[in-house]
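These are my notebook entries on one structure. I set down what I looked up, entry by entry.

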Amino acid sequence: MSHVLQVAGLKKHFTVTKGFPKPVTTIVRAVDGVDFAVQPAEAFGLVGESGCGKSTVARAALRLIEPDAGSVRFGDTDVLAARGGALRRLRRRMQIVFQDPYSSLNPRRTIGRTLAEPLSVHGIARGRAAREQAGALLAEVGLPETALDRYPHEFSGGQRQRIGIARALALQPELIVADEPVSALDVSVQAQVLLLLRELQSRRGLAFVFVSHDLGVVRWFCARVAVMYLGRIVEQGPVAEVFARPRHPYTRMLRDASPIPDPSQRGVLPRVVGEIPSAAAPPPGCHFHPRCPRATDRCTQEYPAWTDPDGHGFACHHPEPAG
Amino acid sequence: MTAATLPSTSTPGAPAASVAPRTRSPRQLAVRRFLGRPVAVAGLVVILAFIVIAVAAPLLAPYDPIATSWSAIRKAPSAAHWMGTDENGRDVLSRVIFGARASMLAGVVSVLIAAGIGVPAGLIAGFAGGWTDTILSRIVDAMLACPFLILAIALAAFLGPDLTNAMIAIGVSTAPRFMRVARAATLDAASNEYVEAARALGNPPWRVALRHVLPNIVPPVLVQGTLAIAAAIIAEASLSFLGLGQQPPAPSWGSMLNAAQRFLSQAPWLAIFPGLAIFLVVLSFNLVGDGLRDALDPRRR
Amino acid sequence: MSGSLGARIGQIIPTLLLVSVLVFGLQQLMPGDPALIMAGEERGDPQVLAQIRAELWLDRSLPEQYVHWMDGVLHGNLGYSWRIRQPVSQLIAQKLPVTLQLAVMAFAIAVLIGVPAGIVAAVYRNRFWDYLANAIGLAGLSTPTFWLGIMLILLVSVQLQWLPPSGYVPLFEDWRQSLATTIMPAFVLGNAIAAILMRHTRSAMLTALDQDYVRTARAKGLREWTVVLRHALRNALIPVVTLGALELGTLLSGAVLTEQVFSIPGFGKMIVDAVFNRDYPVVQGVVLVTAFLYVLLNLIADVLYVVINPRLRGA
Ligand SMILES: Nc1ncnc2c1ncn2[C@@H]1O[C@H](COP(=O)(O)OP(=O)(O)O)[C@@H](O)[C@H]1O
Ligand code: SF4
Ligand SMILES: [Mg+2]
């Protein structure tokens, strides 16, 4: 099977210097060796607690930041090697939707200008033609054409997010990376935006990398999912599999902490315990061992290898039983 | 979000709620906020009045500002000479009116010089980061370590005393402040997700800088610019007062005050009116600057 | 702390080096030949000119000149005044105490006016006293130092005849006379700083008054002014320390004008006289020394800041 997006060995470390009068330099291993692949028209989820490196993966995959190591392939193209025109052509094929609908739209520009920009950058349409296309995009995300001459501050968060989606659609990409696209919205609005995304996915055959810290949303939207912990993927597989029979204790902890539709399951299992250790000083061995109920001595010394018996992989010395 | 609230049917995304009837751009909104502040508007009116005075000085001045008259030396204010006459029998009102030219010109030109150097430097530093930023920031630190007026005096001294050099000296000494403001605003603007979106759309870096980041540094630079004009007018008056700016007999408020000092007990009006003029103009620019800051950044206070 | 101090000094050195390049570079702006100026009467004599050029290294390349000049500076040699034929460092050492006396008095006056005004403005936020303090502050910021000085002389010396309009008596000669000659200039000089201090104290106080522990104190029934003075004031002192260092430049700039208006033989008057005498080494020396003072004082303020505000330690 050919992939739209294939990420291998991705690493990104940040050097942070802060503190006065004693500046301390720390290296944050935001992403520390991540592999995954997305199929055409597939919704691929990336979940994990805040700070585990999801956004960094998303940005590095789109080459909005330069990763330190690893490879990213889009179709047959090496994303990290692309320059100039080649990179520009790639950008047409993969787009991003951001979390914050307030900072993701330029407050000084009318919606019409914002939506026309991608068209003019790539020489697709200008002037009247661009405006028509922009209007059609708005209609596709459920906004009236009159919005073209308005400014972002006149719209609600949900409406802005629709505009952000319309901008991402303008270039007719094959892949959309959505970085927590509904996390900043009211619960009632979240549902509408999610529906819109799913509709677009089926209508346009879009592939998604769907980043979220919300298991419920990922479960609903995605076909496959990768669970991240402190810069690494700890479990990966079909959504139904992973959440129904988690093999990694961290995944299980996340699942048990998130509300579950089946009332009989609720309240029986422990909540997420312990603090998230920092990516600046990840614990030795398995990063998760300070919080892990199954941890043994071995876990404190040795990072577990990746095991993938049947398309449902995980990195754990003592996985939860498969049954 | 709970799973129960997730959409389970395939109704299409609900159409958006109705939108407000009238569109106002952020700029229009800022103008309205500014006009809602009477003191700032008053300041603007005074500034406009002084611009008119400077431009129309030959029409407004009752006398020739440099014509001496031995029959009218150091006369107190009267119907003929509203602000009195100076030690050479020149009409003080006419000199104050013509003096507006030097002050307004110096204020505007030196700030244009300062912004012309500082804003591109700040934009480059903020955008490029790394070594470029470090080097530019260190140069700015070094310039800011020299007291503003002392640096301007030294520059004016080495360039030679006249109004043009004073404007250059003030402009160069003010440039680091613009660099700092522009750099901070660039970093702030560049952290917005819409800048990242612009890159993701395939805009080349220069276009992202010019189209998306630059417009965002306009408001803080505008505020800084207005306040800097106030400071530059004081600086020009100071240099002229010290004899390093406008050279006599051409009138400027600072050099008039220098001459006035010698006749303080005999002719105090010589010292009062030029000083009041400086005070009024500077106060107005400060009021407008404060008003602009509040109008452009409604989040503050 | 020692390690952090080292880091801070490490940051300062490049800044000071750049200042030195800047000050050295000033020379290059000068129209005409420095040797001609120095030679004075003897400018017609090519032998004298050649000798002066050799002495000042004017016949060498710019980098050589800079290194030579820097070597001197590092050994405390800021060159010789072209007019008075005295070492610049010696001249500065004579004049600096006068200006420092003025600056210290000015800062004290500014604190005495600005801090209480800022506190009152914060406590009566958005009420009459706040508006009044802000209006006076803005007026103070908009008044040119030298004009304020002239107006004060007009009122206090010419009209009321309370204080001498000009002159200076050193502190250790006759402290009463010294105060009489410096109180007016110090007030003039402190005026702008007072306005700046007022603004910063006000906003620091507003922040402090919103803090939980202040609210708690208030809830415990302490009187408003007790709360303000006992709990919030400490925080208001922080901007005073930082600003004291940051506004040294304002003080020294203002001193140039104030000393000119009141004929006080300080640092500021020296630079103006030097400019008119085209005594460039003195001008350069003054810029260099003021910049050095500024950097040093800011270093001290940074350290003090941490001492006053223990929460920042190890942050
Ligand atoms: N530009 C940056 N500079 C320094 N540290 C960063 C930067 N971006 C992200 N980080 C750090 O990297 C880690 C992962 O961040 P992020 O990818 O945003 O996580 P997530 O999206 O999962 O919340 C965090 O610890 C964050 O503080
Ligand atoms: S490797 Fe050990 S510590 Fe890590 S998740 Fe598995 S059992 Fe827990
Ligand atoms: Mg994130």
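**Entry 1: the contact between chains C and B**

I looked up salt bridges between chain C and chain B and found a count of 1; the term stands for a side-chain nitrogen of Lys or Arg within 4 Å of a carboxyl oxygen of Asp or Glu. The pair consists of Arg199(C) and Asp290(B), whose side chains meet at 3.3 Å, N to O.

I note here that the model is predicted, that local features need pLDDT of at least 70, that side-chain atom pairs count only at pLDDT 80 or more, and that totals for chains, interfaces and linings use all residues. Residues are numbered from 1 along each chain as its sequence is written, chains are lettered from A and ligands numbered from 1 in the order in which they are written, and side-chain values use heavy atoms, with hydrogens and water left out.

I then looked up polar contacts between chain C and chain B and found 5 residue pairs, both residues at pLDDT 80 or more. A polar contact is a pair of N or O atoms within 3.5 Å; within protein, one must be able to donate a hydrogen and the other to accept it, and residues adjacent in sequence count only if both atoms are side-chain atoms.

Which elements of chain C each supply at least two residues of the side that touches chain B? I listed helix 1 (2-29), helix 6 (128-142), helix 7 (145-159), helix 8 (175-209), helix 11 (248-262), helix 12 (267-276) and helix 13 (280-308). Helices are DSSP runs of H or I of at least four residues, strands are E runs of at least two, and both are numbered from the N terminus.

By class, this side of chain C has 34 nonpolar, 10 polar and 2 charged residues. Ala, Val, Leu, Ile, Met, Phe, Trp, Tyr, Cys and Pro count as nonpolar, Asp, Glu, Lys and Arg as charged, and the others, Gly among them, as polar.

For the extent, I recorded 46 residues of chain C in contact (heavy atoms within 4.5 Å) with 43 residues of chain B. The two chains bury about 3,900 Å² between them, 80% of it on carbon and sulfur atoms; buried area is the accessible area (1.4 Å probe) that two parts lose on being put together, summed over both. Ser142(C), Phe146(C) and Trp147(C) supply 15% of the area that chain C buries against chain B, more than any other three residues.

**Entry 2: chain C as a whole**

I counted 13 helices and 0 strands in chain C. Its C-alpha trace spans about 85 × 55 × 35 Å along the principal axes. Of its 315 residues, 48% count as buried, that is, under 20% relative accessible area, with exposed over 50% and partly exposed in between (1.4 Å probe, protein chains only). Among contacts in chain C with a separation of 6 or more, 71% join residues 24 or more positions apart.

**Entry 3: backbone geometry**

Most residues other than glycine have a negative phi, and most peptide bonds are trans.

Arg85(C) has a positive phi near 50 degrees and lies in the loop between helix 4 (62-74) and helix 5 (88-123) of chain C. Asn126(C), in the loop between helix 5 and helix 6 of chain C, has a positive phi of about 55 degrees. Asn126(C) is partly exposed, at 46% relative accessible area.

Pro249(B) is placed in the loop between helix 9 (205-241) and helix 10 (253-260) of chain B.
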